[in-house]
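Here is a friendly walk through one protein chain. Have the viewer open and follow along.

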Amino acid sequence: MSYDYDLFVIGGGSGGLAAAKTAADLGAKVAVADFVKPSPAGTTWGLGGTCVNVGCIPKKLMHISSLYRETQADLASIGWDTKSSHSWSDMVTKVDNYIKSLNWGAKTELRSKNIKYYNMFATFADDHTVNLDDMKGKTDKVTFKYCLIATGGRPSYGGYPGSEECCISSDDIFWQKKPPGKTLVVGASYIALECAGFISGFGFDTTVMVRSILLRGFDQDIANQIGDYMEKHHVKFARGMVPSKFEKTPSGQVKVFVDGKEYGVYDTVLMAVGRSGLGPQLNLQAAGLEHLKNGKIVVNKEDQTKVPHIFAVGDIVEGVPELTPVAVQAGRYLMKRLFGGATKLMDYTDVATAVFTPLEYGVVGYGEDEAKEKLGASNIKVYHTIAQPLDWSISSERAATKDQGYMKVVCDTSRNERVVGAHILGPNAGEVVQGLSVALKCGLTKEILDDTVGIHPTFAESYTTMLDEKVEGAVLEKAAC
């Protein structure tokens, strides 16, 4: 039977685009459908997915911008007298112009590879057909041999009364020209803390409403250190509570209620209580598929759904890291198997990531508690150290707030103290942990770390001189230079 396309990709984010381009390079006839429905606040964007438009890229740029205030204070201790100001609207305009250039580049690259781009919303008509709708009255229908679902997810508003009418999410904050003003961030995920961090860094009154713990799913020792640092740097935490409803005031502000009683009035309320997969919007049942309660799809180790010629990668998939490079690599490997005769599967273990809170966190492998649960507490030994950046050491403001970095490695004593987790807190932590992630893939042990000669003076050298074993109740002292 002949089809319109060898491969039809639903979703024009990082994973879908990487897969489409790889398949085209291998000779397949490929199409991509991508359509962004507006957020409840009305925000929409171009081709490229969450990471490019409302995720990693704008978040990192705003994070970097927000750190400049503290960088100026650090440099005052070594001779600089800098006076400057920040414009939120100017920042948003320039960041968004950069994003638009990436949108254009993505479309140009599809065209150069003869990949058909449909700026239309795709839903299944059957297991080899999709319906396409541009939401303006134009429709189409195409058939495919293989289909890749790579739609990712969208923020949840938690179902609280008034949340969609009164609040914004990470879909909106990066495109909002008006400064956020006094802000409440609801949630304690990495998205919540990253957004709270840069909003506070620009000098806006910022509160984070936390139901239970910070950074669920991450090492809790590290999560608590991040929370402590943010509190010292003017972020307020309202712990052990959730909103009960939201109302707009005549002035356009948002009145927040907790347990039915007024809690406070804010210029901006940003909901960051999780994300849901877009499975419910795809008419999956027409293709013989189904989605989980969280909107995600189950696949096997070959990224294959229960319909053998329909696959899924990225944030739509249940149980895989919600990270752009994961979706990209999974998509490329899949296409090489489908069209290039390859056999290699995506390896989801020891994937490094970074959390761009004001005190950055880079991590690869297990956290302490997870390692003890998976490998047995008796097999786990943890080494740690205080890691002080040189420019912080001379800063009077850092001394006043007792700011410090921190590193630890989690080791499996049953395998010659093999490093099964590495954790970095401090400037450019993502850059540091990226190198360590390669070493973990190669079987890094504590002995190899000890045998490595560090570069002095650097922040990263601290993981080569990590002598202190973490002991319950013991106080960790900063090592001499």
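## Overall fold

Among contacts (heavy atoms within 4.5 Å) between residues at least 6 apart in sequence, 65% join residues at least 24 apart. Before going further, please note that this is a predicted model, in which local features need pLDDT of at least 70, side-chain atom pairs count only at pLDDT 80 or more, and totals for chains, interfaces and linings use all residues. Residues are numbered from 1 along each chain as its sequence is written, and side-chain values use heavy atoms, with hydrogens and water left out.

The chain's secondary structure comes to 13 helices and 22 strands; these are DSSP runs, with helices being H or I of at least four residues and strands E of at least two, numbered from the N terminus. With a radius of gyration of 24 Å, close to the 23 Å from the globule rule for 481 residues, the chain is as compact as a globular protein of that length. That radius is taken over C-alpha atoms, and the rule is 2.2 Å times the number of residues to the power 0.38. The C-alpha trace spans about 70 × 65 × 45 Å along its principal axes.

## Nonpolar cores

Of the 481 residues, 49% are buried (under 20% relative accessible area; exposed means over 50%, and partly exposed lies in between, with a 1.4 Å probe and protein chains only). A nonpolar core is a set of buried Ala, Val, Leu, Ile, Met, Phe, Trp, Tyr and Cys residues joined through side-chain atoms within 4.5 Å. The largest one has 46 residues, and those with the most contacts inside it include I173, F198 and I226. Elements that each supply at least two of its residues include α4 (88-112), β9 (206-210) and α7 (220-232), while the largest share, seven residues, comes from α6.

What does I226 touch, leaving aside residues up to four places away in sequence? Its partners are L193, L215, T357, L359, Y361 and L425. A second, separate core holds 26 residues, among them C147, I149, I316 and V317.

## Backbone details in loops

H456 and P457 are joined by a cis peptide bond, with omega about -5°. P457 sits in the loop between α13 (446-451) and β22 (468-469).

Two asparagines are also worth a look. N114, in the loop between α4 and β3 (116-118), has phi near 60°, a positive value in a residue other than glycine. N114 counts as exposed at 68% relative accessibility. Phi of N416 is likewise near 60°, and N416 lies in the loop between β20 (405-412) and β21 (418-425). N416 is exposed too, with a relative accessible area of 52%.
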